[in-house]
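Colleague: Please take me through this model; I have several points to raise.

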Amino acid sequence: MNIKGSCLCAKVRFEINGDFESFYLCHCQYCRKDTGSAHASNLFSTTATLHWLAGQDRVKAYQVPSTRHMKSFCLNCGSALPSLQGQGELLVVPAGSLDDPIFIKPSANIFMASRSDWDQGLENIPKCDGLPA
């Protein structure tokens, strides 16, 4: 499987070759902070490869000290980008950074004990296809 992705400003573009083994929605405090949202949506692979097509020099990585939590992002627009973690054996890809469709569905919500107090019953709030009128 070849899947392309990019950042918001499109200065960074990449391609993933291979399959994802899991897709987690993580509600831990670090993922909430680095996304500014209820959870991060990340795909994981130990076999897929990452190829930078443009802008690799614009990618910055930050690791929370004394943790395994890492975030890569575009220096221009701040968009979350893929990262190789550990000793390069784990590819973590933010699902929202992908431009091509994927056919894997989330495997699980993880770190639910850490979720925000407002992150409950969200399926019951009004839904709009665009900005509310």
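Colleague: Where does S66 lie?

Modeller: S66 is in the loop between β6 (59-63) and β7. Elements are DSSP runs numbered from the N terminus: helices are H or I of at least four residues, strands are E of at least two. Please keep in mind that this is a predicted model, in which local features need pLDDT of at least 70, side-chain atom pairs count only at pLDDT 80 or more, and totals for chains, interfaces and linings use all residues. Residues are numbered from 1 along each chain as its sequence is written, and side-chain values use heavy atoms, leaving out hydrogens and water.

Colleague: What is the phi of S66?

Modeller: The phi of S66 is positive, about 65°, although the residue is not a glycine.

Colleague: Is S66 buried or exposed?

Modeller: S66 is exposed, its relative accessible area being 85%. Exposed means over 50%, buried under 20% and partly exposed in between, with a 1.4 Å probe and protein chains only.

Colleague: Which phi value does F111 have?

Modeller: F111, also not a glycine, has a positive phi near 55°. This residue sits in the segment after β11 (108-110) and is exposed, at 52% relative accessible area.

Colleague: Moving to D99, where is it found?

Modeller: D99 belongs to the loop between β10 and β11, and it is exposed at 51% relative accessible area. Between D99 and V64 there are 28 Å in space, C-alpha to C-alpha, for a separation of 35 residues in sequence.

Colleague: Now the cysteines. How many disulfides does the count come to?

Modeller: The count is zero, where a disulfide is a pair of cysteine sulfur atoms within 2.5 Å.

Colleague: What stands opposite C26?

Modeller: A40 in β4 does. The strands β3 and β4 are antiparallel partners over five bridges; strands count as paired if DSSP finds at least two bridges between them. β4 also pairs with β10, again in the antiparallel sense, over four bridges, with L43 opposite V93 in β10.

Colleague: How many residues of β4 are buried?

Modeller: Five of the six are buried, so β4 is largely enclosed by the rest of the structure.

Colleague: And which strands form the open sheet of three?

Modeller: Its order is β1-β2-β5, with antiparallel pairing. The edge strands, each pairing on one side only, are β1 (2-6) and β5 (49-54). β1 meets β2 (residues 13-17) over five bridges, and I3 faces I16 in β2.

Colleague: Lastly, how much space lies in the largest pocket?

Modeller: About 880 Å³. On a 1 Å grid over the protein atoms alone, a pocket is an open set of points where a 1.4 Å probe fits, with protein on both sides within 12 Å along at least five of seven lines; lining residues have an atom within 4 Å of a point. Grid points are joined across faces, edges and corners, and the volume is the space filled by probe spheres set on them.

Colleague: Which residues are closest to its centre?

Modeller: Of the 37 lining residues, those are N42, F44, H69, Q85 and V92. Elements giving two or more residues to the lining include β3 (22-26), α1 (29-35), β4 (40-45) and β10 (90-94).
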